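Here are my notes on the model, point by point. Please read them with the structure open.

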Amino acid sequence: MYRNSIKPIFDILLSFVVIIAISPVYLILMILLGYVNQGNPFFTQLRPGKNAINFRVIKFKTMNDRKDERGHLLPDEDRMHAVGKFIRKTSLDELPQLINVVKGDMSLVGPRPLLPSYLPLYSQEQSRRHEVKPGVTGWVQVNGRNSVSWIDKFKMDVWYVDHQSFKLDIKILILTVKKVILKEDINYEGQATTLPFEGNKNQI
């Protein structure tokens, strides 16, 4: 009952409240990122959601589009500007995903939406993470986030699918706020972004 009835209503109502409460911050970030990113404050990308159906996730853009002499994008760490580093470190880049929650693409709590290219790399058990809507935050984000291996992340995602409840979601939301305040588990050491998942054989 909670998953199909109460949770969607809770998601939308709380997202609306947060959007209204943070609207001044949202506007400032839009203006600031619009300036440093040559007019584009947002980053959008297709991600698989519930039942592996793609939707377009919305985030604040924390990296510019600088390219090398051959027209290829520079490495992430070379494209991450000072404003982007601050926004990524404080997790403010995730705020626009509240729009995805209101639209019904995402939930406040659930497995994080990853890349479509990962879908054929999952084991049958790992693919169960798509039995629920992806979340703005999740069990992985409060239990190590980027310091946890991909294999363990997927185990935690599936654990959440089997154990989600109102009590657990509230616990995750509270722990997420704590993680954001303490700026814990943002990236691997020496990495601007998370290392890509390359399949289960490469994780052993």
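**Notes on the predicted model**

1. Asp169 is buried, at a relative accessible area of 2%. The model is a predicted one. Asp169 makes a salt bridge with Lys7, and the closest N and O atoms are 2.7 Å apart. This pair joins distant parts of the chain: Asp169 sits in helix 7 and Lys7 in helix 1 (residues 2-21), 162 residues apart. Lys7 also counts as buried, because its relative accessibility is 6% and the cut-off for buried is under 20%.

2. Helix 7 also holds Thr176. Is Thr176 buried or exposed? Thr176 counts as buried, at 18% relative accessibility. That value falls under the 20% limit. Leaving aside residues up to four places away in sequence, Thr176 touches Thr137 and Val142.

3. Ile181 is another residue of helix 7, which spans residues 166-182. Ile181 is exposed, with a relative accessible area of 60%. The cut-off for exposed is over 50%. Together with Val177 and Leu182, Ile181 forms a nonpolar surface patch. The accessible area of the three is about 300 Å² together.

4. Now the hairpin. Strand 1 (residues 42-48) pairs with strand 2 in the antiparallel sense, over 7 bridges. Gln45 has Val57 of strand 2 as its bridge partner. There are 5 residues between the two strands. In this hairpin, Asn51 takes a positive phi near 60 degrees.

5. Which residues of helix 4 (residues 82-89) are buried? They are Gly84, Ile87 and Arg88. Viewed down the axis of helix 4, these buried residues fall within an arc of 100 degrees, so they line one face of the helix. An α-helix has 3.6 residues a turn, so residues three or four places apart point the same way. The buried residues of helix 4 pack against helix 2 (23-36). Ala82 and Phe86 are exposed on the other side of helix 4. Just after helix 4, Ser91 has a positive phi of about 65 degrees.

6. Next, salt bridges. How many salt bridges are there? The count comes to 10 salt bridges. Side chains of opposite charge can pair when their charged atoms come close. One group is a network that links Lys59, Arg88, Asp93, Glu94 and Arg112. Arg88 is also one of the buried residues of helix 4.

7. Arg128 and Asp162 meet through their side chains in a salt bridge, at 2.6 Å from N to O. This pair links distant parts of the chain, 34 residues apart. Arg128 lies in the loop between strand 3 (107-109) and strand 4 (135-137). Asp162 lies in helix 6 (residues 150-163). Asp162 is partly exposed, with a relative accessible area of 45%.

8. Asp105 and Lys103 form a further salt bridge, with the closest N and O atoms 3.6 Å apart. The salt-bridge cut-off is within 4 Å. Lys103 is exposed, at a relative accessible area of 55%. Lys7, in contrast, is buried at 6%.

Conventions
Residues are numbered from 1 along each chain as its sequence is written. This is a predicted model: local features need pLDDT of at least 70, side-chain atom pairs count only at pLDDT 80 or more; totals for chains, interfaces and linings use all residues. Side-chain values use heavy atoms; hydrogens and water are left out. Patches are made of residues with over 30% relative accessible area and no salt bridge: like charges are joined within 9 Å, nonpolar side chains (Val, Leu, Ile, Met, Phe, Trp, Tyr) within 5 Å. Accessible areas come from the Shrake-Rupley method with a 1.4 Å probe; for residues, only the protein chains shown count as cover. Helices (H or I, at least four residues) and strands (E, at least two) are DSSP runs, numbered from the N terminus. Buried means under 20% relative accessible area, exposed over 50%, partly exposed in between (1.4 Å probe, protein chains only). Two strands pair if DSSP finds at least two bridges between them. The arc is that of the directions from the helix axis to the C-beta atoms. Contact means heavy atoms within 4.5 Å.
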